Amino acid sequence: MSLSSCVTRTHVVTKPAKVVVVKKAPRHYKIVKVKGKRYYFWNGNHYKKTRKGYVIVRV
């Protein structure tokens with residue numbers, strides 16, 4: 001009887017995501033709520049407000 005494992009290990013390397021911070025929202029933004037959280041919407045993207053500015057998020 002042989003007790004060998006068929007498990008293989010792979011090493012996955014991921015790159016850090018490129019984050020773009022917008023310092024000031026334009027005048028024509030809209031506030032939308034998704035699942036109870038507030039997001040800002042303009043130019044076809046959703047943004048979340050942070051201390052440093054607005055960051056694009058996927059909703």
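Before I start on the structure, one definition: a residue is called buried when its relative accessible area is under 20%, exposed when that area is over 50%, and partly exposed in between. By that rule Lys-48 is partly exposed, because its relative accessible area is 39%. Please keep in mind that what you see above is a predicted model.

Let me begin with the overall plan. The chain contains 0 helices and 5 strands, and from the N terminus on its elements run β-β-β-β-β. Of the 59 residues in the chain, 14% are buried. The chain exposes about 6100 Å², and 54% of that area is supplied by carbon and sulfur atoms. If we take the contacts in the chain with a separation of 6 or more, 30% of them are between residues 24 or more positions apart.

Now to the sheet itself.

I would like to walk through the hairpins in the order of the chain, starting with E2 and E3. These two strands run antiparallel and are joined by 5 bridges, one landmark being Val-34, whose bridge partner in E3 is Lys-37. The hairpin has 2 residues between its strands, and Lys-35 lies in that turn. The phi of Lys-35 is near 55°, which is a positive value in a residue other than glycine. For context, most residues other than glycine have a negative phi. Lys-35 is also exposed, because its relative accessible area is 82%.

The next hairpin is made by E3 and E4, again with 2 residues between the strands. Strand E3 covers residues 37-42 and strand E4 covers residues 45-49, and they pair in the antiparallel sense over 3 bridges. In the loop between E3 and E4 sits Asn-43, which has a positive phi of about 55° although it is not a glycine. Asn-43 counts as exposed, because its relative accessibility is 62%.

The hairpin of E4 and E5 has 4 residues between the strands, and there Gly-53 takes a positive phi near 145°. E4 is joined by 4 bridges to strand E5, residues 54-57, and the two run antiparallel. Within this pairing, the bridge partner of Tyr-47 in E5 is Ile-56.

This brings me back to Lys-48, which belongs to strand E4. Which residues is Lys-48 in contact with, once its neighbours within four places in sequence are left aside? They are Tyr-39, Gly-53, Tyr-54, Val-55 and Val-57. The C-alpha atoms of Lys-48 and Arg-58, which are 10 residues apart along the chain, are separated by 9.7 Å.

Let me turn to the interior. In soluble globular proteins, nonpolar side chains tend to be buried together. Which residues make up the largest nonpolar core in this model? There are 5 residues in all, namely Ala-25, Tyr-40, Trp-42, Tyr-47 and Tyr-54. Ala-25, leaving aside its neighbours within four places in sequence, is in contact with Trp-42 and Tyr-54.

Finally, the end of the chain deserves a look. The C-alpha atoms of Val-59 and Lys-35 are separated by 9.5 Å, although the two residues are 24 residues apart along the chain.

How values were computed: Residues numbered from 1 in each chain as written. Predicted model: local features only at pLDDT ≥ 70, side-chain atom pairs only at ≥ 80, totals over all residues. Heavy atoms only, no water. Pairing = 2+ DSSP bridges. Core = buried A, V, L, I, M, F, W, Y, C linked by side-chain atoms within 4.5 Å. Buried < 20%, exposed > 50% of the residue type's maximum accessible area, 1.4 Å probe, protein only. Contact = heavy atoms within 4.5 Å. Areas by Shrake-Rupley, 256 points an atom, 1.4 Å probe, with all protein chains shown as cover.
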